[in-house]
Amino acid sequence: MLLAGCLVTLLFFLWGFSYGLLDTLNKHFRNVLGLSTTETTYMQVAYFGAYFIWSIPASYICRKIGYKRTIILGLTLYVIGALCFYPSAQNLSFGGFVGSLFVIALGLSTLENCANTYITILGSPKWASVRINVAQSFNGIATVIAPIVASYAFFGGGEDSGTGDLESVKWTYVGVGCGVAVIAILFCFATIPEIDEEAMMAAEAEETGVAARRASILSPHLLIGAFTEFMYTGAQIALASMFIFYATEVGGFTDAFSSRLLSYGQLCFTVGRFVGAALMRKFRDDHLLAVFAVCAVITNVFIIAMKTTATPYALLVLMFFESIMFATIFSLATKDLGRYHKQGSALVIMGVSGGAVLPPIQAVIHDHSNVNISFVITLVAYVVTFFYGLIFCKWIKYVDEEIEVDPSIDSPNNYEKKEITEEKVEMHQ
């Protein structure tokens, strides 16, 4: 099970790197293709809109063919989308890039449906928020690396001397596609055990002595959690996509320095996840979510109100406090779903489509007003997150149904016991 957990955690790094490149592509495409701020957000619409379209089908596919095959399908879609960047760059086709990102996002939506669900149920429900925050930290590490790579590949490193074409974009994504293909091959030969969510709940009930209860698929904590994930993800993407614009317009920084500053912000984001995971060993995850959301609200108000050369550094603080939100909302929203876990996870992952809605709204405000006022959008999202952590995550509607265990699927505990038994038999022989 340890190897399976490590391989699935690798997927978090994968989509973090892809997302990190996307933020910097916004500014590069604007420079090379002469796009408006609003037009650059079409990439966000395609990228995150794919989550809305594909999350439910991906969940259905996962239920039918299992985690391993679904993961390989997602990686294959990613490779196809990455390689499609080559002809798009050759023809300077912005529509081609948008289409390529859409295919990549179909693959990532598939992977997120599998990986977030798998990590959450791969052990005791008590530590689900800790596990997913630790796994999501590798997502953060990738988003630190990606803007640095993009800074040198797209903007020429120390100055705004990036090439006036899209050659660097083309070869960057060809390289990424080849790397993902290698990961797909690893998964083809890896053992990824299936997990029976009902068996996990039954085992936890037996261990703790508390009767296992399954939450309804229409439970308020799930439905409101999906909406909260929609708002939060929209805010996260809006912040990242507007980061370079804010740093250049308010702070007066160059594009290259702003791109590196974004990578420092992603570093704060990653550190925040490790810190949050550690704090969850001592404090309740819903309380910690509410505290981080309040801090984000306060920082966001400062970002709206101030216009100094030092103000862009407050964006780094904001990224620190938003660090635990996605993973913690996901964990709280999918709590006690049992056999409905895959369907419930799909609803929450659909919330990622907020990244296709809020950034364009913020971009329109930016084009018609100024970048400071545009951050009102993220402020509203953090307020919603605060109330979810404080109140709505506790609104769980349970159903009076018996827990049903699938005997054809081993729980992780049984799987480990089976391995130990087999080892003893081999040693005896």
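Is Lys 394 buried, partly exposed or exposed? Lys 394 is partly exposed, with a relative accessible area of 41%. Welcome to this predicted model, where Lys 394 takes part in a salt bridge with Asp 286. The largest nonpolar core holds 116 residues, and the structure has zero disulfides. Here is a tour, topic by topic.

**The nonpolar core**

- Within the core of 116 residues, those with the most contacts are Tyr 47, Leu 75, Phe 187, Phe 375 and Tyr 382.
- Helix 3, which spans residues 42-83, gives this core its largest share, 15 residues.
- Leaving aside residues up to four places away in sequence, Phe 375 touches Leu 239, Met 242, Tyr 246, Asn 300, Ile 303, Ile 304, Leu 315 and Gln 362.
- As general background, nonpolar side chains in soluble globular proteins tend to be buried together.

**Salt bridges**

- The count of salt bridges comes to two.
- One of them joins Arg 284 to Asp 286, with the closest N and O atoms 2.6 Å apart.
- Asp 286 also pairs with Lys 394, where the closest N and O atoms are 3.2 Å apart.
- Asp 286 lies in helix 11 (residues 285-305) and Lys 394 in the loop between helix 17 and strand 2 (398-399), so this pair ties together parts that are 108 residues apart in sequence.
- Asp 286 is buried, at a relative accessible area of 3%, whereas Arg 284 is partly exposed at 47%.
- In general terms, side chains of opposite charge can pair when their charged atoms come close.

**Cysteines**

- Cys 62 counts as buried, with 5% relative accessibility.
- Cys 393 is buried too, and its relative accessible area is 6%.

**A nonpolar patch on the surface**

- Val 383, Phe 387, Leu 390, Ile 391 and Trp 395 make up a nonpolar patch on the surface.
- Together these residues have about 410 Å² of accessible area.
- Phe 387 sits in helix 17, which covers residues 376-390.
- With a relative accessible area of 36%, Phe 387 is partly exposed.

**Residues that meet across the sequence**

- Thr 9 belongs to helix 1 (residues 2-33) and counts as buried at 15% relative accessibility.
- Although Thr 9 and Phe 138 are 129 residues apart in sequence, their C-alpha atoms are 7.3 Å apart in space.
- Not counting residues up to four places away in sequence, Thr 9 touches Ile 119, Ala 135 and Phe 138.
- Where does Ile 237 lie? Its place is in helix 9, made of residues 220-249.
- Ile 237 is buried, at 2% relative accessibility.
- From Ile 237 to Ala 356 there are 119 residues in sequence and 8.6 Å in space, C-alpha to C-alpha.
- Apart from residues up to four places away in sequence, Ile 237 touches Tyr 19, Gln 44, Phe 48, Gly 355 and Pro 359.

Conventions:
Residues are numbered from 1 along each chain as its sequence is written. This is a predicted model: local features need pLDDT of at least 70, side-chain atom pairs count only at pLDDT 80 or more; totals for chains, interfaces and linings use all residues. Side-chain values use heavy atoms; hydrogens and water are left out. A nonpolar core is a set of buried Ala, Val, Leu, Ile, Met, Phe, Trp, Tyr and Cys residues joined through side-chain atoms within 4.5 Å. Buried means under 20% relative accessible area, exposed over 50%, partly exposed in between (1.4 Å probe, protein chains only). Helices (H or I, at least four residues) and strands (E, at least two) are DSSP runs, numbered from the N terminus. Contact means heavy atoms within 4.5 Å. A disulfide is a pair of cysteine sulfur atoms within 2.5 Å. Patches are made of residues with over 30% relative accessible area and no salt bridge: like charges are joined within 9 Å, nonpolar side chains (Val, Leu, Ile, Met, Phe, Trp, Tyr) within 5 Å. Accessible areas come from the Shrake-Rupley method with a 1.4 Å probe; for residues, only the protein chains shown count as cover. A salt bridge is a side-chain nitrogen of Lys or Arg within 4 Å of a carboxyl oxygen of Asp or Glu.
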